[in-house]
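Reader: I'm new to reading structures. Can you take me through this one, feature by feature?

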Amino acid sequence: MKLLIADDEIDVREGIRYLLDWQALGFVVLADAKNGPDTLQKILELQPDVVLMDIRMPKLSGLEVVKAAQEQGFCGKFIIISGYSDFAYAKEAIRYGVTCYLTKPIDEEELQHAVLEAKVALVKEQERQKKLTVYRDKARESILQEIILNQADYLYLDYHDLCLESAVYQIVLYTNYNQESFRTAWDFADILRLANKNHNSLEHIVLNHQDIILLKGDFALKRFEELVERHISQPQKGSPLDALFLTYGRPVYSIEHIHRSYKDACLLMKRRFFCSHNQHVLGFMDIPKEQEADFSGVDMGEGYAKRIADYIQTGNRRMIKEQLHKLREDLYFANEDVPILKHYLADIMIQVKASISRTYGSMEIPLPSNAAIISTVEEKYYLYEILRFFMVQFEMCANAISSPTRESVMEGILDYISHHYHENLKLGTIAELFGYNSSYLGKIFNKATGKNFNAYVDELRIERAKALLGSGQYKVYEVAQLVGYSNVDYFHKKFKKYVGASPAEFRKMDGVAD
């Protein structure tokens, strides 16, 4: 407990300081004051728990100090000490909430009893306030949940008391970008508070194990928009924001409509399946304006399976890609849950396999078993991953059927590399995708291209990097990431090896300013 001693006589102040063993009683003497204004200033600055104060002091009386301090929010306890025993002073002091009124000369036992009573009263009040705060926070969170779910009785809500008065609101949901992790490494609510300079412009609650942020006001919405645009849409690898995935609903302009923004954000979280590679954000504008009311999956699946099987048999890879692209668009507008869509996709590939097997029964077709197809589709988090898996399998099948020669297979491998050079490509992975032994593929790759696999990929990446640097649209570290080098120093080394100049020097030679 903190103690302030106030009296216009220095001997009295010193006497009180040494009259009791304050430390043993649980008190620390912060300071002393010699007159009314000095006492009031130290009360407001130091916020002591107990003030021992003479009622008669120069410039401001003790009672005037009590009144002024309380008007400015001071909640500590006052013990008045005076040489006057007039009951009128005591009566007025009690009216102002003074804990005890002692007369001079001060009795040691009376003083000790008074300060201990004040201490007990303060402890009880602090405990009561803690309980009230806990109850209030729980009640407030419960009310926020009811508002978000549109279950609140809006007529009886005090928006000012709930700190919800605002011109505009928006709901944000966030989770871990890595869907295999069960906890978020970084708390986006804290990041957003920092971006908002700790203004009271957002609420963070957890509902059904989902982190929810309620943005309040134009300032909060603007800061969130800037954060998404500059740092979250394409976050820097390894940064806190790179570990996050979030969705946000439409802005709404009344508390009664907050649930609409929440509904948007929840729908988008379910539509995460349609995200592209390294996409960290879905906003309300990504919700399809019109979704199909009836998704005739069986009929559509049979049509896709037949067309894709035909294109595989003719070796028309361009049309296979076109069909998969159209399939993605159809699924994007389908009003079905992800498990149903995955089942539909697995069924398409199984039908393609069955069609090819019927036509080329005696040929060994390089397609996975039905169980492997279903398992692979089920374990993928995104539609683009499934369609990429399909394309690789269909290309292998087309290679085996249309022209099973070394040249045509190599053409397919090189085409695959040209589209995936920016990924972490390895010879072993390529060999597995195309059904080759890694060592054997390395030999025929070297013979067909005149280069080993790693050198070929490096040259392809560097050529693409030169084009990106020449465009002037990207910084050097961004170009490094875009062409598949996570380490910018390693990119510098490779670039200089193949070009003879650093990326920055090349850009200057190319006439592009940094």
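Author: Start with one side chain. Lys 326 counts as partly exposed because its relative accessibility is 40%. The cut-offs are these: buried is under 20% relative accessible area, exposed is over 50%, and partly exposed lies in between (1.4 Å probe, protein chains only). A word on the source: this is a predicted model, where local features need pLDDT of at least 70, side-chain atom pairs count only at pLDDT 80 or more, and totals for chains, interfaces and linings use all residues. Residues are numbered from 1 along each chain as its sequence is written, and side-chain values use heavy atoms, with hydrogens and water left out.

Reader: Which side chain does Lys 326 meet in a salt bridge?

Author: First the rule: a salt bridge is a side-chain nitrogen of Lys or Arg within 4 Å of a carboxyl oxygen of Asp or Glu. Here the partner of Lys 326 is Asp 330, at 3.5 Å from N to O. Asp 330 is partly exposed, at 25% relative accessible area.

Reader: Where do Asp 330 and Lys 326 lie?

Author: Both are in helix H10 (residues 317-332), 4 residues apart, about one turn of the helix. An α-helix has 3.6 residues a turn, so residues three or four places apart point the same way. Helices (H or I, at least four residues) and strands (E, at least two) are DSSP runs, numbered from the N terminus.

Reader: How many salt bridges does the count come to?

Author: The count is 14. Take Lys 494 and Asp 458, which meet at 3.1 Å, N to O. Lys 494 is in helix H19 (residues 488-499) and Asp 458 is in helix H17 (residues 453-471), so this pair ties together parts 36 residues apart in sequence. Lys 494 is buried at 14% relative accessible area. Asp 458 is buried too, at 8%.

Reader: Are Lys 216 and Glu 203 buried or exposed?

Author: Both are buried. Their side chains form a salt bridge of 2.7 Å, N to O. This pair links distant parts of the chain: Lys 216 sits in strand E8 (residues 210-216) and Glu 203 in strand E7 (residues 202-207), 13 residues apart. Bridges can also join up: Arg 13, Arg 17 and Asp 32 are linked in a network.

Reader: What gathers in a patch of negative charge?

Author: Patch residues have over 30% relative accessible area and no salt bridge; like charges are joined within 9 Å, nonpolar side chains (Val, Leu, Ile, Met, Phe, Trp, Tyr) within 5 Å. The negative patch on the surface holds Asp 8, Glu 9, Asp 11 and Glu 14. Glu 14 belongs to helix H1 (residues 10-19) and counts as partly exposed at 32%.

Reader: Which residues form a nonpolar patch?

Author: Val 28, Leu 30 and Leu 46 do, with about 230 Å² of accessible area together. Such areas come from the Shrake-Rupley method with a 1.4 Å probe. Leu 46 lies in helix H2 (residues 36-46) and is partly exposed at 35%.

Reader: How many disulfides does a search of the whole structure find?

Author: A disulfide is a pair of cysteine sulfur atoms within 2.5 Å. The search finds 0. Cys 75 counts as exposed, at 65% relative accessibility. Cys 163 is partly exposed, at 37%.

Reader: Where is the place of Cys 75?

Author: Look in the loop between H3 and strand E4 (77-82). Helix H3 (residues 62-71) has buried residues, including Leu 63, Val 65 and Val 66. After H3 comes Gly 73, with a positive phi near 95°. Cys 75 is 28 residues from Gln 47 in sequence and 8.6 Å from Gln 47 in space, C-alpha to C-alpha.

Key. Lys, Arg positive; Asp, Glu negative; His and termini not counted. Charge placed at Lys NZ, Arg CZ, Asp CG, Glu CD.
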